[in-house]
Each structure stands twice: as structure tokens, then as C-alpha cells.
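Reader: I would like to learn how to read a model such as this one, feature by feature. Could you take me through it, giving the general idea and then the case at hand?

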Amino acid sequence: MANYKLDSIDLNAGRSELHNALALTGCAVSCNNLSAGVAVPFVHSHKNNEECYLVLGGDGIFFIDGEELPIKAEAASVSIPPAAAA
């Protein structure tokens with residue numbers, strides 16, 4: 001039996017949850033494809049886990065701890081520590 005789990009991601013889907021697909025036990029992973037002008041309108045934080053975003057294309061604004069962080073890159077990454085409100 002292999003000591004890894006492999007699955008594919010539909011990059012055209014609105015949202016793909018990978019927690020169950022990859023049998024993850026300590027992190028949640030999702031892929032989100034947002035159309036221009038669309039927002040994810042909830043501010044939240046995690047007590048024990050970092051949150052990581054990979055921006056593969058387009059521009060956007062992250063709202064972290066009351067600060068707006070503009071993202072203008074074709075491949076940007078954002079790491080948010082535990083307890084930060086994002």
C-alpha cells in the first residue's frame with residue numbers, strides 16, 4: 001500500500017474541497033475559482049492553524065486584521081498565522 005494519497009483538482013470548478021479526498025487529518029484544503037468582482041464575504045480566524053492562499057491569476061484584496069492587502073500577481077502566496085482575522 002502506498003504511503004501517499006493522490007487526487008486531481010478541477011481548477012474550473014467554483015470550489016473543490018480536498019480534506020476528504022486526500023484523507024487529511026490536520027488541515028483543510030480547498031481550491032476556489034472566483035469570477036471578477038466576486039468576494040468571499042466572511043472574516044474569520046483559526047486558533048491553531050495557519051491559513052495559506054495561493055493566487056494563481058488575477059488581482060484581489062485580502063482583509064487581514066483590519067488591514068487591506070492588495071494582491072496583484074499571477075502567482076502570489078499569502079500566509080496568515082493562527083488567530084489573525086482574515
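Author: Let us begin with a single residue and ask how much of its surface is open. This is a predicted model, and in it Ser 16 has a relative accessibility of 13%, so Ser 16 counts as buried, the limit for that class being under 20%. Ser 16 has its place in strand S1.

Reader: Which residues does Ser 16 touch, if those up to four places away in sequence are not counted?

Author: The idea is to set aside the neighbours along the chain and to look at what remains. For Ser 16, what remains is Ile 9, Asp 10, Val 29, Ser 30 and Cys 31. The C-alpha atoms of Cys 31 and Ser 16 lie 5.0 Å apart in space, although 15 residues separate them in sequence.

Reader: Is Cys 31 buried or partly exposed, and what is Cys 31 in contact with beyond four places in sequence?

Author: Cys 31 has a relative accessible area of 21%, so it is classed as partly exposed. Its contacts, with the neighbours within four places left aside, are Ile 9, Gly 14, Arg 15, Ser 16 and Leu 18.

Reader: And what should I read from Ser 30?

Author: Ser 30 also belongs to strand S2, and with a relative accessible area of 29% it is partly exposed. Beyond four places in sequence, Ser 30 touches Arg 15, Ser 16 and Glu 17.

Reader: How many helices and strands does the chain have?

Author: The chain has zero helices and six strands, which gives the order β-β-β-β-β-β. Its C-alpha atoms fill a box of roughly 45 × 30 × 20 Å along the principal axes. Of the 86 residues in the chain, buried ones make up 14%. Among the contacts with a separation of 6 or more, 24% join residues 24 or more positions apart.

Reader: Which residues form the largest nonpolar core?

Author: The general idea is that nonpolar side chains tend to be buried together in soluble globular proteins. Here the largest nonpolar core has eight residues, namely Val 55, Phe 62, Ile 64, Ile 71, Ala 76, Val 78, Ile 80 and Ala 84. Strands S4 (59-64) and S6 (76-80) supply at least two residues each, and S6 gives the most, with three.

Reader: What type is the aromatic pair that involves Phe 62?

Author: For two rings, one reads the distance between the centres together with the angle between the planes. A search of the whole structure finds one aromatic pair. The ring centres of Tyr 53 and Phe 62 are 4.9 Å apart and the planes stand at 70°, so the pair is edge-to-face, a class that needs an angle over 60 degrees. Phe 62 is buried, at 15% relative accessible area, whereas Tyr 53, at 27%, is partly exposed.

Reader: Which residues lie nearest the centre of the largest pocket?

Author: The largest pocket has a volume of about 1800 Å³. Its lining has 44 residues, and those nearest its centre are Asn 32, Leu 34, Val 40, Tyr 53 and Phe 62. Two or more lining residues come from each of S1 (15-17), S2 (30-32), S3 (51-55) and S4, with S4 giving the largest share, six residues. By class, the lining has 26 nonpolar, 12 polar and six charged residues.

Reader: Where is Ala 23 found, and what is its phi?

Author: When reading backbone angles, one looks for positive phi values in residues other than glycine. Ala 23 is found in the loop between S1 and S2, and its phi is positive, near 55°. With 54% relative accessibility, Ala 23 counts as exposed. Asp 65, in the loop between S4 and strand S5 (67-72), has a positive phi of about 50° although it is not a glycine. Asp 65 also counts as exposed, at 53% relative accessibility.

Methods:
Residues are numbered from 1 along each chain as its sequence is written. This is a predicted model: local features need pLDDT of at least 70, side-chain atom pairs count only at pLDDT 80 or more; totals for chains, interfaces and linings use all residues. Side-chain values use heavy atoms; hydrogens and water are left out. A nonpolar core is a set of buried Ala, Val, Leu, Ile, Met, Phe, Trp, Tyr and Cys residues joined through side-chain atoms within 4.5 Å. Buried means under 20% relative accessible area, exposed over 50%, partly exposed in between (1.4 Å probe, protein chains only). Helices (H or I, at least four residues) and strands (E, at least two) are DSSP runs, numbered from the N terminus. On a 1 Å grid over the protein atoms alone, a cavity is a set of points where a 1.4 Å probe fits but cannot get out, and a pocket is an open set with protein on both sides within 12 Å along at least five of seven lines; lining residues have an atom within 4 Å of a point. Grid points are joined across faces, edges and corners, and a volume is the space filled by probe spheres set on the points. Ala, Val, Leu, Ile, Met, Phe, Trp, Tyr, Cys and Pro count as nonpolar, Asp, Glu, Lys and Arg as charged, and the others, Gly among them, as polar. Rings of Phe, Tyr and Trp (its six-membered ring) pair if their centres lie within 6.5 Å; planes under 30 degrees apart count as stacked, over 60 as edge-to-face and the rest as tilted. Contact means heavy atoms within 4.5 Å.
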